[in-house]
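A short report with headings is enough.

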Amino acid sequence: MQRVIIVEDEARSREFLADILAEHCPTLQVVGMASNVAEAVAAIRDQRPDLVFLDIELQTGTGFDVLEQISGEQPSIIFTTAYDHYAIKAIRFSAVDYLLKPIDVDELKGAVARTRDLQQRSSNQQTLDVLMHNLKQLRANENPTITLSVAEGIEFIPLREIIRLEAAGAYTNFLLKAGRKMMVSKNLKEYETMLGEHNFMRVHNSHIINLAEVKRFVKSDGGYAVMSDDAQVVISPKKKDDFVRMMMSRI
Amino acid sequence: MNQHFIYNTLNQVQYFIHKGEKEASLSYIIKLSRLLRQWMHDTGKSSVPVTDEISLLSAYLTLEQLRFADRFSFEVVTDVPQSGSVFITPHLIFPLAEHAVSWCLRQKEAGHICIRMLPDAPFLQCMVVAQAGGESLAANLHLVPQLNNISRLCNVSSL
């Protein structure tokens, strides 16, 4: 028998979930219900459940606030949410289960079965740690910072400070705003995927540029971009169409 | 419209179906359909009659109120003469109504939401006021009827 706590802010949602659990998941026993963050934290500490159904949107906070406050307790978690928002991305990456409301009973049974396989409590904690880490990453992505190892030490550079990157043999030069320049002992390829998600583009074998820092595209001489620091960056012929499309699709 | 609201409403319907409450399920589905139909009908239009906007807001608040019966009450009223022939930009007030609901849900005591349209020549004044316990929240818009744009936006306190 797995002992279960339901955290949902709407009474009908709690009741519905409890009903369908009784109907479809006979190995579960609901030992408590909570409607807000404080009640949830107290119930989890008191009851020490095996499994918690945790609504992400609670009127007084979020399910993640509950998780932060119960570290040490290690129940399995199944998130419930009414819509597919940013947090779901973090949840998916962390391999934590979630159910979209209205709840599909088959999905519910599947998620419950998976928690039974994962009953080792240590793995629960690890999974949740990964989730919290991913969430922080997502939030930080509003203004991401890159860590660069340079000869003098380690530099943390906000991406918006970077105008472009230039290959220098096996090394890479970072050209920053205010004329700053940093050499890093990694090749350009290393940064292509990392920065690709953040509005950077590899426009040439030797160049990655921050698309937000492009001032002008000049068609003559095979095509080049003029950057905010007036540097001219050659666009390779096979990248030209992609580059123009990326620039046009920006608002 | 906050999609969260749509799925939560469907979730309510699921509850009533599960409980075998046929009347409540049907009533919910009809109310949600009407709201969605009107929303989609008005989307992309540059202006709609004040009466349409009033009925959209009432439909929305009715559904939310069904979900949170003990948390707030509401009224949507117009003092605009011939409001069926006065036109305003659609959906402009909707986010304020959504915000008023979520504000009420965060209060300890039950709240009351009042949306009122009244003439304030040459403008059309729209007040959204939410009150709960001693706390209150108010937005006051001055719309230009016919011309369909906001001329002044004032007193948007904590909205």
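Which residue does Thr145(A) stand opposite in β9(A)?

## Basis

This is a predicted model, in which local features need pLDDT of at least 70, side-chain atom pairs count only at pLDDT 80 or more, and totals for chains, interfaces and linings use all residues. Residues are numbered from 1 along each chain as its sequence is written, while chains are lettered from A and ligands numbered from 1 in the order in which they are written.

## Strands β8 and β9 of chain A

Thr145(A) stands opposite Pro158(A) in β9(A). Strand β8 (residues 145-150) of chain A pairs with β9(A) in the antiparallel sense, over six bridges; pairing requires that DSSP finds at least two bridges between two strands. With two residues between them, β8(A) and β9(A) form a hairpin.

Strand β9 (residues 153-158) of chain A has six residues, and the count of buried ones is zero. A residue is buried if 20 or more other C-beta atoms, placed from the backbone, lie within 10 Å of its own.

## Contact between chains A and B

Eleven residues from chain A and 13 residues from chain B make up the contact, where two residues are in contact if their C-beta atoms, placed from the backbone, lie within 7 Å. On the side of chain A that touches chain B, the largest share, four residues, comes from helix α1 (residues 11-24) of chain A.

## Chain B

Chain B contains four helices and seven strands, which are DSSP runs (helices H or I, at least four residues; strands E, at least two) numbered from the N terminus. Along the sequence, the pattern of chain B is α-α-β-α-β-β-α-β-β-β-β. Of the 159 residues in chain B, 29% are buried.

Conventions:
A residue is buried if 20 or more other C-beta atoms lie within 10 Å of its own, exposed if 12 or fewer, and partly exposed in between; C-beta atoms are placed from the backbone.
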